[in-house]
Amino acid sequence: MNDLHAGSAPALRRLLDLLASGAATEDFADVLADARRRGAPAAVLSEIDEATWQALRVHRTLRQHRRREAELTALFDTAGDLAASRDLDSVLQAIVRRARMLLGTDTAYLTLPDEAAGDTYMRVTDGSVSDLFQTLRLSLGDGLGGLVAQSARPYATPDYRADGRFHHTDVIDAGVLDEGLVAIIGVPLLLGGRVIGVLFAADRSPRAFSPDEVALLCTLAAHAAIALDTAKALADTRAALTELNSANELISAHSAAVQRAERGHDRLTDLVLRGAEVPDVAAAVAALLGGGIAVLDTGGEPLAGRAAAPGAGPAEAAAASRAEGRAVRHGDAWVCAVLAGQEQLGTLVLRGRPDLDDADRRLFERAGVVTALLLLLRRSVAEAENRVRGELLADLLSAPDRDPAGLTARGRRLGVDLGRPHLVLVAEPGPGGGGGDGGGGGASAVRSRLAGAAGRYLFGARGISAEYGETVVLLVPDGGGGGVPGQAGAAPETAGGHPAGGSPAGACAAGRRSGGDAARRAAEQAAERLARLAGFPVTVGAGRPAAGPVALAAAYAEGLRCVRALRVLGRDGEGASAGSLGFLGVLLGDGHDVSGFVGATLGPLLDYDARRGTELVRTLRAYFDCGGSLTRAKEELHVHVNTVVQRLDRVEVLLGPDWNGPERSLELHLALRLQLLSGA
């Protein structure tokens, strides 16, 4: 007996190792085959055979336990998915995927009825590779799914195409064939005894499904039914809550609108009684309506709030509001014309409130009435003040040296500090305005219109304006940004759109010297704004910034000469200063800024010579002095003619391709002469 056990002991240990490692069933039979090959006695072979049979039983039991553990884990995970309130698609996808994994099938899928279409459709698939199968729609009662839905019982077939228990259709058979399915099992999704869908698992080879597999799939189907029922209940609850919230929001909005209207009426009335300004009204209305308010003048410029984006001005909407007498919608904004009788004083624009109820709309319109009242009051006060200040300006220009101290004191009493730097802008009507005819009733009326436009242009600023001679004069504080009300930022690189010197190189030079040319910027911007306000072109000339009555009078004379020069040059309707007119500015300006003109005109060449130690300026002077002759220039410079050509090529790179054109060469020649004479 001991010899028997000793002979079978190695085989028994190997069987235990196979059990411990979870080996395949076929590996157990190899133990007995090895013993036979070694010539083990019959008794030992019999004992090994018995032990192998027992080991296989244990192996099957362990496999069943592991499978049951996996099934329970999957069911717990599915229950956890439902408890975690994941969205329906994710839960159903997880159920189908677990059905395929636990049953070890090639595919799994779930169909639901479409009550509107009267058929069923594929809701979720896993492992499918056929587009035809994934979009398959089944008529009620057709196929294995139809049998399951009608009987409310699970059905399985080892070979779908050969099974005659259910009704085959060409559409279903084509989808099954395209997917390559053979063995299929389907179980119903039951909810209160009613079938609400079918869960399937399928293989692409013949297979018989065990009762345990059917029971497992039925359990997963029950989870799917719970998920669908929960999703429907949640959807119904959300719909009910949405309806309740909508009703509550409607009631709350109406109540809030009524309260805002009451507060708005009280607030606007209080503002009028306290003598508030337009920005105060805009801020109050913005707070009441919960949006952004902009108050625009008749030219579209902001008096309060932020102006509209370029190209998005509400002019057409304001005209419609004026015609209807009500606020009108303009894109995502609301627009209300600010009217005093038939005269439009401005426009109110409300942003951030695309929808206004009647109460808020009436409040917005009432704000337009209050704004009109405030603008009328401000205009009346401004006109009275401007008349008095206009008298001061006329006295200053006609006799500045008679009593400078007295003029300064008068200005201080009127809120104008003549001791601070100011810009003097001289404006004349351009073509189409009736100006320049030597006087007469027509010219006087045009100047009156221009004077009114100047008053509106300076409305809200510290400047003053007045008619003087055949011009309208504007005196604005020089704040470093051109002294122009409501304007800031860099100016364009040309004066009035014409490059200084008539060339790209001249434009570059003008751009460099315009860095601090506040007078040019003020003249250009004033010409553009006054033209819009007056309704005809306006030519504006600016003198250099000046302080004190005598200097301001001289600045007026310089600005007047700039206006005359612009008209002679055919640049009516533009704005310029002496500094922006190139060499003409040197002749017209009182300061005769020779060094500034030389630096702006020859700046690139001077900088290049200073950095590189070259002689571009000397070469250019010799070229001009020799009448443009390269041969004479090279003799003058004592260099080879190729050197002269190379230097002039560099001049062209720095100054522009038309540096040798008539207008540009005149400017360069003059700058070279002035540099030589001044010793710069």
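**View 1. The lining of the largest cavity is mostly a matter of residue type: eleven nonpolar, two polar and no charged.** Nonpolar here covers Ala, Val, Leu, Ile, Met, Phe, Trp, Tyr, Cys and Pro; charged covers Asp, Glu, Lys and Arg; the others, Gly among them, are polar. This is a predicted model, where local features need pLDDT of at least 70, side-chain atom pairs need 80 or more, and totals for chains, interfaces and linings use all residues. Residues are numbered from 1 along each chain as its sequence is written, and side-chain values use heavy atoms, without hydrogens or water. The cavity (on a 1 Å grid over the protein atoms alone, a set of points where a 1.4 Å probe fits but cannot get out; lining residues have an atom within 4 Å of a point) has a volume of about 110 Å³. Volume is the space filled by probe spheres set on the points, which are joined across faces, edges and corners. Of its 13 lining residues, Tyr109, Leu138, Ile172, Val176 and Phe200 are closest to the centre.

**View 2. Helix α6 (143-151) gives the lining its largest share, three residues.** Helices are DSSP runs of H or I, at least four residues; strands are runs of E, at least two. Gly143, Leu144, Gly145, Gly146, Leu147 and Val148 of α6 are buried (under 20% relative accessible area, 1.4 Å probe, protein chains only). Just after α6, Ala152 has a positive phi of about 60°.

**View 3. Six strands form an open sheet in the order β3-β2-β1-β6-β5-β4, with antiparallel pairing.** Pairing needs at least two DSSP bridges between strands. The edge strands, β3 (137-139) and β4, each pair on one side only. Tyr109 stands opposite Thr125 in β2.

Note on methods: On a 1 Å grid over the protein atoms alone, a cavity is a set of points where a 1.4 Å probe fits but cannot get out, and a pocket is an open set with protein on both sides within 12 Å along at least five of seven lines; lining residues have an atom within 4 Å of a point. Buried means under 20% relative accessible area, exposed over 50%, partly exposed in between (1.4 Å probe, protein chains only).
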